[in-house]
Amino acid sequence: MSAGLDRPAAVLPAGRLPRLNRETYPLPKAPVRIVHLGLGAFHRSHQAWYTQQASDAGEWGIAAFTGRRPDAAAALEAQDGLFTVVERADCCDSFAVVGSIAEAVDGADVERLCGLLAAGTTAIVTLTITEAAYGLGPDGRLAAASPDVAADLAQLTSGRGNPTTPLGRLVLALAARRAAGAGPLAVVCCDNLSNNGTVAHHAVVGMAAAWDPALAAWIDEHISFVSTSVDRITPRTTEADVAAVQDACGYLDNSPVVAEPFHNWVLSGDFPAGRPRWEDAGAVFVADIEPYENRKLWLLNGAHSLLAYGGQLRGHSTVAEALADPVCLQAIGKFWDEAEAHLPADGLQLDDYRAALLARFGNARIAHHLAQIAMDGSTKLRMRAVPVLQAERAAGRSGAAAALMIAAWMDFTASGAAIHDPLAEGVAAANTLSGTQRTRALMELVDPALATDAGVVDLVSALSGAFAEAAATS
Ligand code: CS2
């Protein structure tokens, strides 16, 4: 069921326009069977959109919880959970109202979260909590000493029950499900991580085990962790987007979301309590997700990170601007060649995929800001550059294009731009050093093993400055 708009453009002044809600736009509310953690633009343009398109959408409502701030939940609740998806193609926009979010909740309301997970009708928990929020250190284990994780463990063990990280909240809510005897469910990780189901599993069980080993054992037995590869470019909503929806749709929507027309969702794993027919909207269920995941993380997200650091060092602000710079374009092509050598040749249509990516990145009507992509670099590079660099070196080649992504990140961290990173303190400390010492210290934050490889450290050091120095016409 797609809720396309059939209203004429507004002729009334903004003050007299109706507010989007279920009275002005009568979409029925489905019963909550999905709980989402991480209510943001991407959840709305992707999982909420897919759920709305499923032929059994009427049975699957979402209760979506925010992360640190309540704002997005308050804004959406004021419109009964409704919002507009603006599909922004390079020719034009189209608009559709999505009604699958039945409840938008402040993430701090752990009581509501526990209540929903204790209900046997809740079948799925989806997560978009950011790559960095899984609380895992560079070794892939739960960083129990990190301040947020340690604070949540203290909350859980003291029985005060007020964790603040999404993981801590999820563990508490799973304990409520166990206590209620509500049975199995699926946790579906929708963050850009390799093996994201396994990562979520380790993170949740790691935190549970540090609190209550019996809960950890119950989670292992009853909770399915589904791995997924998610894709839809969704920049942050701007005031201009809000105004565009108002003009085109004739109502006030305080929470529209702009996304490219392209969308993709590949999933692998069990849904012991059922799931919506997401395949009706094109979702694909596979036995082995790794090739799809690597294709997306390396070719799309890897290129994004190259553009984010290299592009900003060259004075660009958006993906489309950076792509138009031959220096950036050439860096992407070289990185894709390296990555492609480690992807299966069959079934992934890599030529088409690369061509489609260039078209998607080149859509200048989507103002996808490089500063947004540049965030959390230490975590993202671990998924986007490191595996390609390792594979290239194992194959006896230098991996210079993957190393260039890491060198560009390092240059960017010293460029004076604001650094948003879970390891920001370590980044700042490393940047007080110089030369190879600095490179090694920064590399340790991304991948400790690579930091001990003198060849890699020398290569990355030698590539420092490459973006800023390259001539635009080279
Ligand atoms: C981007 C992703 O911000 C980033 O790190 O690379 O959000 C990217 O836009 C999405 O994965 C596209 O599906």
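This is a short walk through a predicted model, from its domains to its ligand and then to one phenylalanine.

Before setting off, note that residues are numbered from 1 along each chain as its sequence is written, and that side-chain values use heavy atoms, with hydrogens and water left out. Since the model is predicted, local features need pLDDT of at least 70 and side-chain atom pairs count only at pLDDT 80 or more, while totals for chains, interfaces and linings use all residues.

Let's begin with the overall layout. The domain assignment, which is automatic or taken from a database, gives domain 1 (32–287) and domain 2 (291–473). Their C-alpha centres lie 27 Å apart. The contact between them (heavy atoms within 4.5 Å) takes 31 residues from domain 1 and 27 residues from domain 2.

Now for the polar contacts, meaning pairs of N or O atoms within 3.5 Å. A ligand oxygen is 2.9 Å from a side-chain N or O atom of asparagine 192. For arginine 232, a polar backbone atom is 2.9 Å from an oxygen of the ligand. With asparagine 301, a side-chain N or O atom is 3.0 Å from a ligand oxygen. On its own the ligand has 350 Å² of accessible area (Shrake-Rupley method, 1.4 Å probe), and the protein covers 88% of that. Helices are DSSP runs of H or I with at least four residues, and strands are runs of E with at least two, numbered from the N terminus.

Our last stop is phenylalanine 467, in helix H22 (residues 466–469). Is phenylalanine 467 buried or exposed? It counts as buried because its relative accessibility is 4%, where buried means under 20% with a 1.4 Å probe and protein chains only. Leaving aside residues up to four places away in sequence, phenylalanine 467 touches Leu306, Gly310, Leu313, Arg314, Val327, Cys328, Ala331, Leu404 and Ala408. Alanine 331 is 136 residues away along the chain, yet its C-alpha atom is separated from that of phenylalanine 467 by 9.2 Å.

Note on methods
Buried < 20%, exposed > 50% of the residue type's maximum accessible area, 1.4 Å probe, protein only. Polar contact = N/O pair within 3.5 Å; in protein donor to acceptor, adjacent residues only side chain to side chain.
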